[in-house]
Amino acid sequence: MVSKSDLKVLEVYEVLGETRYRVCVKGTNLLVNVSATSENEALEKATSILAQVGLDDESLEKLRRIVGNRALC
């Protein structure tokens, strides 16, 4: 399972009075956009979303090998 240490907040922005976070999975080009009241909450939500789509440790490592040095974060 992806942990908070695998994630990095790239951007915090506001849309229609709602604070949103753009979170990247380190070593990949995967981005998750979430609405949250804090960075910690954003990381928790991103972790939950990534678990729901089935990103586990094995698939994350495979993806990191494929992406290599072209990763966003």
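Two strands count as paired here if DSSP finds at least two bridges between them, and helices (H or I, at least four residues) and strands (E, at least two) are DSSP runs, numbered from the N terminus. What you have open is a predicted model, where local features need pLDDT of at least 70, side-chain atom pairs count only at pLDDT 80 or more, and totals for chains, interfaces and linings use all residues. Residues are numbered from 1 along each chain as its sequence is written, and side-chain values use heavy atoms, with hydrogens and water left out.

**Stop 1: the sheet**

Switch to cartoon and select the strands. Three of them make an open sheet, ordered S1-S2-S3, with antiparallel pairing. Strand S1 (7-15) and S3 are at the edges with a single partner strand each, so one side of each has no neighbour in the sheet. From one strand to the next the twist averages 25 degrees; axes are lines fitted to C-alpha atoms (for helices over the stretch in contact), and angles run from 0 to 180 degrees between N-to-C directions.

**Stop 2: S1 against S2**

Now select S1 and S2, which run antiparallel and are joined by eight bridges. Pick Leu7 and you'll find its bridge partner in S2, Val25. Then pick Glu14, whose partner in S2 is Thr19. The hairpin of these strands has two residues between them, and Leu16 takes a positive phi near 50 degrees.

**Stop 3: S2 against S3**

Move on to strand S2 (residues 18-25) and S3, an antiparallel pair with five bridges. Val23 has Val32 as its bridge partner in S3. This hairpin has five residues between the strands, and in the turn Gly27 shows a positive phi of about 80 degrees.

**Stop 4**

H1 lies across S1, S2 and S3, and runs at about 125 degrees to S3; contact means heavy atoms within 4.5 Å.

**Stop 5: the salt bridges**

How many salt bridges does the structure hold? Seven, each being a side-chain nitrogen of Lys or Arg within 4 Å of a carboxyl oxygen of Asp or Glu.

- Select Arg20 and Glu18: their side chains meet in a salt bridge at 3.2 Å, N to O. Glu18 counts as partly exposed, at 36% relative accessibility.
- Next, Glu41 and Lys45, with a salt bridge at 3.6 Å, N to O. They sit four residues apart in helix H1 (residues 39-52), so about one helical turn separates them. Glu41 is partly exposed at 24% relative accessible area, and Lys45 is partly exposed at 34%.
- Then Lys62 and Glu58, which meet at 3.5 Å, N to O. These two are four residues apart in helix H2 (residues 57-67), so again about one helical turn lies between them. Lys62 is partly exposed at 43%, whereas Glu58 is exposed at 53%.
- Finish with Asp6, Glu61 and Arg64, linked in a network of salt bridges.

Definitions and conventions:
Buried means under 20% relative accessible area, exposed over 50%, partly exposed in between (1.4 Å probe, protein chains only).
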